Amino acid sequence: MFLIVSKYLIPKGYRGMTLFPFVFVRNHEDRHDLVTVNHERIHLRQQLELLVLPFFVWYGLDFLVKLIRYRDKNKAYRNVIFEREAYANEKDLDYLKSRSFWKFLKS
């Protein structure tokens, strides 16, 4: 994992973004925020499991479906299958040690 600080690449209102094998965070302080980094590491694992490109296709389609359903971009984002897993487990710093394959399907 390569951790890069860049406030210009992260959309406003967000603290991090993962584009395998890079994790971008908005501020220098976020590099040391264990919950934020763990959230992004969960996305790294998801991207690896789906061989990266299919992850982004699935993510985009799921976001569009949720956007149509909820008519609210923030609610759509929070309900994307990959985000639901990451948010539900970001505070468990040992989560990735015991996480089963394709766990996002069960979140």
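Asp72 has a relative accessibility of 34%, so Asp72 counts as partly exposed. Please keep in mind that the model you are looking at is predicted. You will find Asp72 in the loop between H2 and helix H3 (73–78). Along the chain, Asp72 and Phe104 are 32 residues apart, and their C-alpha atoms are separated by 22 Å.

Phe104 brings us to the aromatic residues. Together with Phe55, Phe56, Trp58, Tyr59, Phe82, Phe101 and Trp102, Phe104 forms one aromatic cluster.

Is Phe82 buried or exposed? Phe82 is buried, because its relative accessible area is 0% and buried means under 20%. Trp58, by contrast, counts as partly exposed at 29% relative accessibility.

Now turn to Phe101 and Trp102. Their ring centres are 5.9 Å apart and their planes meet at 20 degrees, so this pair is stacked; planes under 30 degrees apart count as stacked. Here are the accessibility values for the residues of these two pairs:

| Residue | Relative accessible area | Class |
|---|---|---|
| Trp58 | 29% | partly exposed |
| Phe82 | 0% | buried |
| Phe101 | 59% | exposed |
| Trp102 | 30% | partly exposed |

Which residue lies over the face of Tyr87? Arg78 does, at 3.6 Å from the ring centre.

Finally, let us visit the strands. E2 (residues 16–19) and strand E3 (residues 22–25) pair in the antiparallel sense, over 4 bridges. A hairpin through 2 residues joins E2 to E3. Within this pairing, Gly16 stands opposite Val25 in E3.

In a regular strand the side chains alternate between the two faces of the sheet. Strand E2 has a covered face with Gly16 and Thr18, while Met17 and Leu19 are on the uncovered face.

Technical notes. Residues numbered from 1 in each chain as written. Predicted model: local features only at pLDDT ≥ 70, side-chain atom pairs only at ≥ 80, totals over all residues. Heavy atoms only, no water. Buried < 20%, exposed > 50% of the residue type's maximum accessible area, 1.4 Å probe, protein only. Phe/Tyr/Trp six-rings, centres within 6.5 Å; stacked < 30°, edge-to-face > 60°. Lys NZ or Arg CZ within 6 Å of the ring centre and 35° of its normal. Pairing = 2+ DSSP bridges.
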